[in-house]
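Welcome! Please take a look at the sequence and the 3D structure, and then let us walk through some details together.

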Amino acid sequence: MRGRRAFFGFLGKEVRHILRDWQTLLVLIGMPVAQVVLFGYAVRSDIRGINLAIVAPQPDAATASLASRFMDATDTYRVVASVADAASLEPQFRDGRVRQALMLPSGLAGALGRGEPVTIAVVTDGADPNTGSLMEASTLAIVRAWDAGRTGRRAGPRIDVETRMRFNPTLESVNLFVPGLIAYVLTIVSALMTAITIVREKEIGTMEMLLASPLRPYQIVLGKVAPYVALGFLDVVLVLVAARLIFGVPVRGSNALMLAESLLYILTALGMGIVISTSTSTQRVAMMAALAGTMLPTLLLSGFIFPVSAMPWPLQAASNVVPARWFVVITRGVMLKGAGLADLWRETLILAGFTAALFVVGIRRLAVRLA
Amino acid sequence: MKAATREPAGVGSGAAHPATNVGAAVQARGLTKRFGSVLALDHVSFEVAPGELFGFIGPDGAGKTTLFRLLTSLYLPDEGESRVIGHDPATDMWALRRRLGYMPGRFSLYPDLTVIENLQFYASVFDTTVAAQMDTIEPIWRQLAPFAGRRAAALSGGMKQKLALCCALVHSPSILFLDEPTTGVDAVSRREFWDLLARLREGGMTMLVSTPYMDEASRCDRVALMQQGRILRIDRPSAVRAAFPRPLLAVTAAGEGAAVRIGLLAALREHPDAASVWPFGSTLHFTDRRAGPDPARLATELGEWLAARGIAATVRPISATIEDAFMWDMTSAEPAA
């Protein structure tokens with residue numbers, strides 16, 4: 001059968017290209033693990049040692065009970081001041097000795113006892129918005145936990161806790177990062193490498209020989225991308241294993257579903273790579289296009305690092321056409337929430353739609369002649 | 001004169017192969033290709049007979065590569081039509097591509113794959129194997145075999161071209177297009193390469209070869225002289241040389257050095273009957289404007305004319321090379337461009 005021999009010939013050639021370029025291969029295999037370690041340790045945004053001031057104009061049993069929650073949480077908080085008046089904190093806020101102030105109302109114990117609504121103000125140093133929002137969320141979580149555990153609780157302080165935190169109450173950033181990291185790594189391996197590998201044939205001149213041969217465009221593409229499907233899959237497994245072994249990040253849902261969804265996203269990313277390769281003619285341009293067109297959106301608009309819900313609406317709208325945005329929802333769902341296909345069918349369908357569209361566009365745009 | 005030099009581009013040229021439409025391996029009629037405002041190929045017509053070794057000679061930019069890409073279905077023509085072994089490259093490319101052997105002008109093998117891996121890959125692309133095609137490629141493979149395990153990147157220029165030829169042949173094509181196969185290759189390797197082409201020709205392979213090297217023209221059955229997208233002349237190499245219309249004299253300066261030769265060149269170009277003067281290696285080729293006179297007498301006269309100006313040089317009549325003929329056609333065609 002003619003198609004099969006050509007396909008395996010092509011596949012063998014591609015595998016050799018990949019194995020001969022062992023430096024790139026080493027990067028492609030080593031990078032995902034290195035990223036897990038980097039994101040897990042070096043740039044982890046877990047908050048440690050928040051300098052907290054507690055402002056209680058009238059200390060009572062309730063304020064002492066709440067303050068002790070923070071004093072006990074020595075990993076996260078350092079209670080640096082307990083004062084009656086917030087005004088004295090101003091200079092300390094400014095020079096960073098205090099990063100956050102918990103402002104309790106007068107007569108807290110009494111108000112809670114009577115079941116009246118109370119307002120607790122949390123003032124946070126927002127100079128670094130990411131850390132700021134994390135500190136805020138962490139403090140809100142502790143107040144809420146304290147409130148929930150109070151004996152004789154009738155009504156609690158009116159505090160909204162973002163539902164996003166529900167499944168990651170201690171805000172372990174590794175847990176949040178790993179699903180996004182998988183999307184990021186797969187984008188690099190699949191989209192970037194595919195774009196480069198097809199354009200390389202144009203650049204070194206072999207595409208002219210391939211075009212003059214009876215190979216059909218889809219045969220060229222399938223032969224090109226098949227090894228990268230395997231490589232991408234290997235990377236997913238590496239990331240999951242590394243995250244599990246180093247940080248104890250679990251996959252709460254089905255492993256099989258996790259791998260199947262990853263496979264789907266690998267194909268999506270390959271589709272992006274093919275489309276890029278059809279519109280560029282040098283590896284350099286292809287790489288820039290892949291960086292700007294796939295990696296940056298994956299990094300910035302997928303919710304991997306910055307929550308989509310916190311973006312202004314034009315960016316939220318733009319994030320809808322970033323496939324990684326949907327894949328991050330899927331991976332977080334499967335890994336952190338233990339969600340199944342019943343919960344994620346919509347996102348899965350969207351990804352499948354992207355994939356089909358990208359492949360159709362990519363293969364149709366592949367030239368059967370020289371430009 | 002202008003019209004006459006362009007005329008042979010049409011049908012019916014070439015005494016050795018009277019063109020008949022039926023059975024021609026390649027037929028091109030008015031092939032034209034533009035890139036933006038640049039006219040790369042300007043109404044080119046010719047025919048190649050089965051089994052013929054047909055050369056396209058011309059400088060860079062003459063349109064040779066564009067023509068080959070049109071015939072191998074890699075470009076679509078803006079005007080004109082062609083048939084290659086019975087297929088129209090514009091409409092019937094998949095059938096054509098199965099039977100076509102093409103060696104592009106750019107080195108187009110995988111540098112990180114070994115010699116045998118490159119060959120096996122191209123065999124698989126055409127749904128065959130190296131072993132099954134050994135009869136076809138054996139003469140070339142014999143020279144490549146000692147380097148079978150070497151990466152293509154580490155081959156010498158000549159070996160790279162032999163490997164490319166081998167890859168273009170590995171599916172036993174019905175016709176072979178070789179675009180400047182010897183460009184950038186040393187003289188010995190060039191000769192070896194043409195020896196291989198001669199063997200293929202004996203086996204009946206139809207070949208179209210382009211080259212900027214005039215000396216290679218003599219190894220073709222017929223050559224087409226190309227310039228600025230047009231075919232100036234198509235003929236057997238001997239006929240091209242014989243058709244040189246003027247007396248040709250080789251002038252060699254007595255002294256050594258560039259200054260002496262430049263002085264000689266300047267002096268000759270001021271000769272009242274000089275049609276053209278071109279440096280050819282260490283000598284100058286002087287073409288006389290007058291068609292009639294006996295070359296031997298002209299040589300004597302020119303020697304005396306130089307001596308009268310204090311320049312010592314030997315002058316002797318020579319017969320034209322392909323390059324002389326080409327230069328003549330090129331300069332006489334120029335005003336028409």
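## A buried glutamate

At 9% relative accessibility, Glu347(A) counts as buried; buried means under 20% relative accessible area, exposed means over 50%, and partly exposed lies in between, using a 1.4 Å probe and protein chains only. Glu347(A) sits in helix 14 of chain A, residues 341-365. Helices here are DSSP runs of H or I with at least four residues, strands are runs of E with at least two, and both are numbered from the N terminus. Leaving aside residues up to four places away in sequence, Glu347(A) touches Trp326(A), Val329(A) and Ile330(A), where contact means heavy atoms within 4.5 Å.

Before we go on, a word on how to read this. This is a predicted model, in which local features need pLDDT of at least 70 and side-chain atom pairs count only at pLDDT 80 or more, while totals for chains, interfaces and linings use all residues. Residues are numbered from 1 along each chain as its sequence is written, chains are lettered from A and ligands numbered from 1 in the order in which they are written, and side-chain values use heavy atoms, with hydrogens and water left out.

## Domains in both chains

Chain A is assigned domain 1 (2-43 + 172-365) and domain 2 (50-167), with bounds that come from an automatic or database domain assignment. Taken over C-alpha atoms, the centres of domain 1 of chain A and domain 2 of chain A are 43 Å apart.

For chain B, the assignment gives domain 1 (2-242) and domain 2 (248-318). Here the C-alpha centres of domain 1 of chain B and domain 2 of chain B are separated by 38 Å.

## Salt bridges

Now look inside chain A. Lys13(A) forms a salt bridge with Glu201(A), at 2.6 Å from N to O. This pair links distant parts of the chain: Lys13(A) belongs to helix 1 of chain A and Glu201(A) to helix 7 (residues 173-204) of chain A, 188 residues apart. Lys13(A) also meets Glu14(A) in a salt bridge, at 2.8 Å from N to O. Lys13(A) is buried at 1% relative accessibility, Glu14(A) is buried at 0%, and Glu201(A) is buried at 3%. Together with Lys224(A), these residues are linked in a network of salt bridges.

## Packed helices

Two packed helices are described by the angle between their axes and the distance between the axes. In chain A, the axes of helix 9 (residues 217-247) and helix 10 (residues 255-279) come within 9 Å and cross at roughly 135 degrees; axes are lines fitted to C-alpha atoms, for helices over the stretch in contact, and angles run from 0 to 180 degrees between N-to-C directions. That makes helix 9 of chain A oblique to helix 10 of chain A. By convention, angles under 35 degrees count as roughly parallel, over 145 as roughly antiparallel, 65 to 115 as roughly perpendicular, and the rest as oblique. Among the residues that meet are Val221(A) and Tyr228(A) in helix 9 of chain A, and Met258(A) and Leu259(A) in helix 10 of chain A.

In chain B, helix 4 and helix 5 pack at an angle of about 155 degrees, with their axes 11 Å apart. Helix 4 of chain B is therefore roughly antiparallel to helix 5 of chain B. Val115(B), Ile116(B) and Leu119(B) in helix 4 of chain B meet Ile137(B), Trp141(B) and Leu144(B) in helix 5 of chain B.

## Positive phi angles in chain B

Most residues other than glycine have a negative phi, and most peptide bonds are trans. Ile85(B) is not a glycine, yet has a positive phi of about 35 degrees. Ile85(B) is in the loop between strand 4 (79-84) and helix 3 (93-99) of chain B, and is buried with a relative accessible area of 16%.

Glu180(B), also not a glycine, has a positive phi of about 45 degrees. Glu180(B) is in the loop between strand 6 (175-179) and helix 7 (187-202) of chain B, and is buried at 14%.

Notes: Salt bridge = Lys/Arg side-chain N within 4 Å of Asp/Glu carboxyl O.
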